[in-house]
Amino acid sequence: QVQLVESGGGLVQAGGSLRLSCAASGSFFSIIAMGWYRQAPGKARELVAHIATGSTNYADAVKGRFTISSDKAKNTAYLQMNSLKPEDTAVYYCNADVFTGLSRRDYWGQGTQVTVSS
């Protein structure tokens, strides 16, 4: 009963910027944490950034370039991506750690394609 809807992906030239959004909707009590993951062709899915109360974490490859943030009132997380590189090309997935009122569960968004051209 929880859905994550992602938006903001697209095609951008190297050095450009994109902002991804992930909005949670449905029946739940609270969102404990949210994160962004990505998967490039032929590679495993990897953590990009994670945000929880009082802390954020970033993959080494994106530190200093990407920023994760959240709007609690809107149940939405964002990933601001600056200074994009071709190696950032991947499908980006939103993940949410959700307390439904009865249990704590992980949910995934559908993924959004980010393509960075050289």
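Are cysteine 22 and cysteine 94 buried or exposed? In this predicted model, cysteine 22 is buried, and cysteine 94 is buried as well.

These two residues form a disulfide, with their sulfur atoms lying 2.0 Å apart, and a search of the whole structure finds one such link. The link between cysteine 22 and cysteine 94 is left-handed, with an angle of -85° about the S-S bond.

In soluble globular proteins, nonpolar side chains tend to be buried together. Here the largest nonpolar core has 31 residues, and those with the most contacts inside it are Met34, Trp36, Val48, Phe66, Leu79, Met81 and Tyr92.

Tyrosine 92, one of the core residues with the most contacts, touches Glu6, Leu20, Trp36, Tyr37, Arg38, Val48, Phe66, Leu79, Met81, Gly111, Thr112 and Val114, when residues up to four places away in sequence are not counted.

The model also has pockets to consider. The largest pocket has a volume of about 190 Å³, and the residues that line this pocket are Ile31, Ile32, Ala33, Met34, Ile51, Ala52, Thr53, Ser70, Asp71, Lys72, Asn75 and Thr76. By type, the lining divides into six nonpolar, four polar and two charged residues. Strands S4, S5 and S7 each supply at least two residues of the lining, and S4 gives the most, with four residues.

Serine 70, one of the lining residues of the largest pocket, is placed in strand S7. With a relative accessible area of 36%, serine 70 is classed as partly exposed, because that value lies between the 20% limit for buried residues and the 50% limit for exposed ones. Leaving aside residues up to four places away in sequence, serine 70 touches Ile51, Thr76 and Ala77. Methionine 34, which also lines the largest pocket, is 36 residues from serine 70 in sequence, and their C-alpha atoms are 8.4 Å apart in space.

How values were computed: Residues are numbered from 1 along each chain as its sequence is written. This is a predicted model: local features need pLDDT of at least 70, side-chain atom pairs count only at pLDDT 80 or more; totals for chains, interfaces and linings use all residues. Side-chain values use heavy atoms; hydrogens and water are left out. A nonpolar core is a set of buried Ala, Val, Leu, Ile, Met, Phe, Trp, Tyr and Cys residues joined through side-chain atoms within 4.5 Å. Buried means under 20% relative accessible area, exposed over 50%, partly exposed in between (1.4 Å probe, protein chains only). Contact means heavy atoms within 4.5 Å. On a 1 Å grid over the protein atoms alone, a cavity is a set of points where a 1.4 Å probe fits but cannot get out, and a pocket is an open set with protein on both sides within 12 Å along at least five of seven lines; lining residues have an atom within 4 Å of a point. Grid points are joined across faces, edges and corners, and a volume is the space filled by probe spheres set on the points. Ala, Val, Leu, Ile, Met, Phe, Trp, Tyr, Cys and Pro count as nonpolar, Asp, Glu, Lys and Arg as charged, and the others, Gly among them, as polar. A disulfide is a pair of cysteine sulfur atoms within 2.5 Å.
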